[in-house]
Amino acid sequence: MVLRIRLQRQGQKKLPIYSIVCANARTGRNTQPIERLGTYNPIPTREGIKHIEINPERVHYWIGVGAQPSETAARVLEKADLWVRPPKPERQKHHIFNDLRVDLAACTPPTSPLQQALAATGLPAARRVGPRRGTKTIRAGTPSAPSKASA
């Protein structure tokens with residue numbers, strides 16, 4: 001059974017109060033928890049204090065048994081000095097093309113006679129012009145039909 005220390009929402013609409021509970025990780029947010037560990041009021045008082053009430057002995061017991069706090073519960077437990085989050089490992093920048101090194105001089109020249117003839121002209125390769133249906137291939141550098149905008 002996977003155990004989580006997490007927050008269970010209570011209170012009214014737009015006035016949340018959370019119970020800090022230990023529950024099975026596969027159950028829903030507001031299902032019956034195994035044990036209620038404390039409360040957390042995220043709305044600050046007039047002095048700017050967010051109220052946290054926790055039973056530290058039970059929190060240490062459940063963490064010792066193997067319960068993992070959720071991200072939000074870990075932040076609340078950090079504020080109460082009951083949990084120190086392990087540092088996140090640095091992400092390695094992994095790029096697909098880091099290992100690919102292409103030497104353009106070593107690339108093979110065009111092999112078909114048509115490719116050799118086009119390469120000898122010095123013009124860029126063919127481009128597609130026109131709508132999707134009925135497209136025609138025009139070699140670069142050859143005159144094309146005048147456009148309606150210039151006429």
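**Strand pairing and aromatic pairs in a predicted model**

Tutor: In this predicted model, strands β1 (residues 3-12) and β2 (residues 15-24) run antiparallel and are joined by ten bridges.

Student: Why do β1 and β2 count as paired?

Tutor: Pairing requires at least two bridges between the strands. Ten bridges join β1 to β2, so the two are paired. Within this pairing, I5 stands opposite C22 in β2.

Student: What makes β4 and β5 edge strands?

Tutor: The open sheet of five strands has the order β4-β3-β2-β1-β5, with mixed pairing. β4 (51-54) and β5 (68-69) each have a single partner strand, so one side of each lacks a neighbour in the sheet. Helix α2 (residues 71-79) packs on the sheet and touches β1, β2, β3 (35-41), β4 and β5. The direction of α2 makes about 85° with that of β1.

Student: Why is the aromatic pair of Y18 and Y40 called stacked?

Tutor: Stacked applies to planes under 30 degrees apart. The planes of Y18 and Y40 are 25° apart, so the pair is stacked. Y18 lies in strand β2 and Y40 in strand β3, 22 residues apart.

Student: How do you know that Y40 is buried?

Tutor: The relative accessible area of Y40 is 8%; buried means under 20%, so Y40 is buried.

Student: Why is the pair of Y61 and W62 called edge-to-face?

Tutor: The planes of Y61 and W62 are 75° apart, and planes over 60 degrees count as edge-to-face, so the pair takes that name. The centres lie 5.2 Å apart.

Student: What makes Y61 partly exposed?

Tutor: Y61 has 42% relative accessibility. That value falls between 20% and 50%, so Y61 is partly exposed. W62, at 10%, is buried.

Conventions. Residues are numbered from 1 along each chain as its sequence is written. This is a predicted model: local features need pLDDT of at least 70, side-chain atom pairs count only at pLDDT 80 or more; totals for chains, interfaces and linings use all residues. Side-chain values use heavy atoms; hydrogens and water are left out. Helices (H or I, at least four residues) and strands (E, at least two) are DSSP runs, numbered from the N terminus. Contact means heavy atoms within 4.5 Å. Axes are lines fitted to C-alpha atoms, for helices over the stretch in contact, and angles run from 0 to 180 degrees between N-to-C directions. Rings of Phe, Tyr and Trp (its six-membered ring) pair if their centres lie within 6.5 Å; planes under 30 degrees apart count as stacked, over 60 as edge-to-face and the rest as tilted. Buried means under 20% relative accessible area, exposed over 50%, partly exposed in between (1.4 Å probe, protein chains only).
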